[in-house]
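Student: I am new to this structure and would like to understand the words used to describe it. Could we go through them together?
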Amino acid sequence: MNGVMLGLMYALVALGFTLFFGVLDVVQFAHGDVLTAGAFVGLAAYAALLHAGVQAAVPQLIVVVLAATFSMAILGAVLGRVLVLPLKGAPALNTLLATLMGGTALRECIRLFYPGGSQPQRFPALLPTASWSMGRFNLRVDNLLMLLAGVVLVLGLSLLLRRTRLGLAIRAVAQDEETARTMGIDFRRVVLLTFAIGSALAAFAGVMNGLYYNEINFGSGLLLGVIGFSAAVLGGLGSFTGAVLGGFLFAGLQTLGAVVMPFASAYKDVFAFAVVILLMTWKPTGLIGEELGERV
Amino acid sequence: MRPAQAGARAALSAAAIAAVAALLLYGFLAAESEKTVGLVLAGAVVVVAGGLRSKVLPRLVRAAGERAVMSALAIAAVALIGVFHDDPFVLLLMARALLVLVACLGLHVQLADAGVPNFAGAAFFGVGGYTAAVLGHGATPHLLVLLASGAVAAAVGSLLLLPLLRTRGHYAALITIAFGLLFRTFLEVNETLGGPQGLKLGGLRLLGLSFNDDREIHGVEISGYAFYCLAAVALALVAVWLVRSVESSWIGVALDAVRLDETAAACFGISIGRWKIAAFTLGNAIIGVAGGLSAMMVGFIAPNNFTFQESLVLVSILLLGGLGNLAGLAVAALIVIWLPEKLQPIQEYRYLLFSVLVVLVLVLRPAGLIRRIARRPFGSLAA
């Protein structure tokens, strides 16, 4: 169960990376911090609701999720507008640095300006916590609900990309920017919308992360961002199914590592990063892999 | 112009540059209140900007020659150490800035010369520090310990060589980021290396001299940090000399080619892999030595000193100084390390401040704060 939840979170983050890379050929390294920021906005919304006297869990949940996703959609578009679009055509290193530093700024803002932001914050359990046990397995309702929501989100995104005009525009831009422009597609609008969608996904993953672990930390996005990126790379940057597969594959490896080496549970994160490095070395362009030819 | 005359002019120009620099640094370090710090800073900006705009500064540098300027600056640094000989706080600041500068020189070789990204600078700094902590307690001579710090950092870095050679751009950057995070989490859970509490170190001992003790020479009380400062100056000189020698030789040309266009470089028979390996390893070794000396000076290391944020600070220094510009690098290192210490109110906000600054530079001046000077063929313009 743990592995599946992790896989879904990774997949959601990886989808963001793959979307951004698709439309603009850039890697947005602030993505992980957008995820954290989403979780914190959700937490703030929850606190505000408590203050306003709303006690019922369902409206709380809805408001938390909506606040997180919408605010991060806007933030994502702003980041795209301020950090990524102006640097279009600049060396890859510049975009990388700009988004890394943007992420740092975001992280530091949370640490400095959120009340008690430098300490891990308790995230409320907003979902019913009943559980069925079947033999050795213990199935919890809240996990099941989160899983369902995540799957619906992924399927919804897939539908959006394949069945709507916006999805068509996104795919067109991803395939060939210039042709898309000559076909009358508003390039900037599509790019910014893509950034908004990807960031909203990250915010959702952030809230999910908070609900699952009941705790959020200003630095946790960094780990999820790095893993999400390598999951996307593993699946082939720019590929939708690849990102989802990569996310689950990564979670599977991590769970496997925990099962095979229970004595080394303290080294869980060390193992995760080592796997990132190894996988990137083994398949630098992903499992499905584009051919990297170079024309002079 | 006769040689003797030219020599005198060179010496004078170098002395002038060093004197002005020393004055500004003295003002900054001696400043007690935040207002004075601001005033000195404003003065420095006026002097440097004026010198650059009126072309006086470049002309002086050209008249003096690089080597003379470096020697004069080193003498100025020693003079400053003499002035602050009994003020451990200022001495510690100076030594820290110098060591960070050395670490940035290592990064400079990797990023600015060969174009190999390294977002784990603090991690390699830490490898050097931990090496010094582990070896420093034994009977090994400390000069060897420092060299070992560099060697171990280079060796640990060689674990990343294959991943770095198989990837490029964003992917290579991600590998170093993952390594930086891995290193930090590894230290936190590893009990033999002290876990989150870290390790204690004894001080540096060289030539029968224990650097940690204050001592009295002819009735003058000298803080132990003064000796660390001198060691840091020496290390910085060696590092600058090394980096400049590499850059001004044909190796530098090869590195430039690899950075600017891998395909073209390969077409001319330059082995991309070999030069990337050379630059990455040399850079890590330099960073490691700086880390070793720094750990011995502070006397204590913990995983928290080697976070991803710190790696980003190192890269920011490189960028704010203008990628490929050593003078700018030195200025940026001084400002980034000293300013938060001198202006306590911004101490807490320093990461935020630097990150926003870097973003602004990247967006507003994509070519860098100071434009990179292209290599001059055959040094024809030097004469």
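Tutor: Gladly! Let's start with helix axes: an axis is a line fitted to C-alpha atoms, for helices over the stretch in contact, and angles run from 0 to 180 degrees between N-to-C directions. Helices (H or I, at least four residues) and strands (E, at least two) are DSSP runs, numbered from the N terminus. This is a predicted model, where local features need pLDDT of at least 70, side-chain atom pairs count only at pLDDT 80 or more, and totals for chains, interfaces and linings use all residues. Residues are numbered from 1 along each chain as its sequence is written, while chains are lettered from A and ligands numbered from 1 in the order in which they are written.

Student: Which hand does the crossing of α2(A) and α9(A) have?
Tutor: The crossing is right-handed. A crossing is left-handed if the near helix is turned anticlockwise from the far one by less than a right angle, and right-handed if clockwise.

Student: Why is α6(A) called roughly perpendicular to α8(A)?
Tutor: The axes of α6 (residues 165-175) and α8 (residues 187-213) of chain A come within 10 Å and cross at roughly 105°. That angle makes α6(A) roughly perpendicular to α8(A). Leu166(A), Ala169(A), Ile170(A) and Val173(A) of α6(A) meet Phe187(A), Val190(A), Leu193(A) and Thr194(A) of α8(A). Seven of these residues are nonpolar, one is polar and none is charged.

Student: What about chain B: how do α6(B) and α13(B) cross?
Tutor: The axes of α6 (residues 121-136) and α13 (residues 272-298) of chain B come within 7 Å and cross at roughly 55°. That makes α6(B) oblique to α13(B). α6(B) passes α13(B) in a right-handed crossing. The residues in this contact divide into ten nonpolar, eleven polar and no charged.

Student: Why does Tyr171(B) count as buried?
Tutor: A residue is buried if 20 or more other C-beta atoms lie within 10 Å of its own, exposed if 12 or fewer, and partly exposed in between, with C-beta atoms placed from the backbone. Tyr171(B) has 21 C-beta neighbours inside 10 Å, so Tyr171(B) counts as buried. Tyr171(B) lies in helix α9 (residues 169-189) of chain B. Not counting residues up to four places away in sequence, Tyr171(B) touches Val233(A), Met280(A) and Pro284(A).

Student: And why is Gln309(B) called partly exposed?
Tutor: Gln309(B) has 18 C-beta neighbours inside 10 Å, so Gln309(B) counts as partly exposed. Gln309(B) is in helix α14 (residues 308-320) of chain B. Leaving out residues up to four places away in sequence, Gln309(B) touches Thr104(A) and Tyr351(B).

Student: What makes Ile277(B) partly exposed?
Tutor: Ile277(B) has 19 C-beta neighbours inside 10 Å, so Ile277(B) counts as partly exposed. Ile277(B) is found in helix α13 of chain B.

Student: How many residues of chain A are in contact with chain B?
Tutor: 38 residues of chain A are in contact with 36 residues of chain B. α4(A) gives the most to the side of chain A that touches chain B, with 14 residues. That side divides into 30 nonpolar, five polar and three charged residues.

Student: Which residues touch the most other members of the largest nonpolar core?
Tutor: A nonpolar core is a set of buried Ala, Val, Leu, Ile, Met, Phe, Trp, Tyr and Cys residues joined through C-beta atoms within 7 Å. Of the 230 residues in the largest one, Val102(B), Cys104(B), Ala178(B), Ala232(B), Leu318(B) and Ala333(B) touch the most other members. The largest share of this core, 18 residues, comes from helix α5 (residues 88-113) of chain B.

How values were computed. Contact = placed C-beta atoms within 7 Å. Nonpolar A, V, L, I, M, F, W, Y, C, P; charged D, E, K, R; others polar. Parallel < 35°, antiparallel > 145°, perpendicular 65-115°, else oblique.
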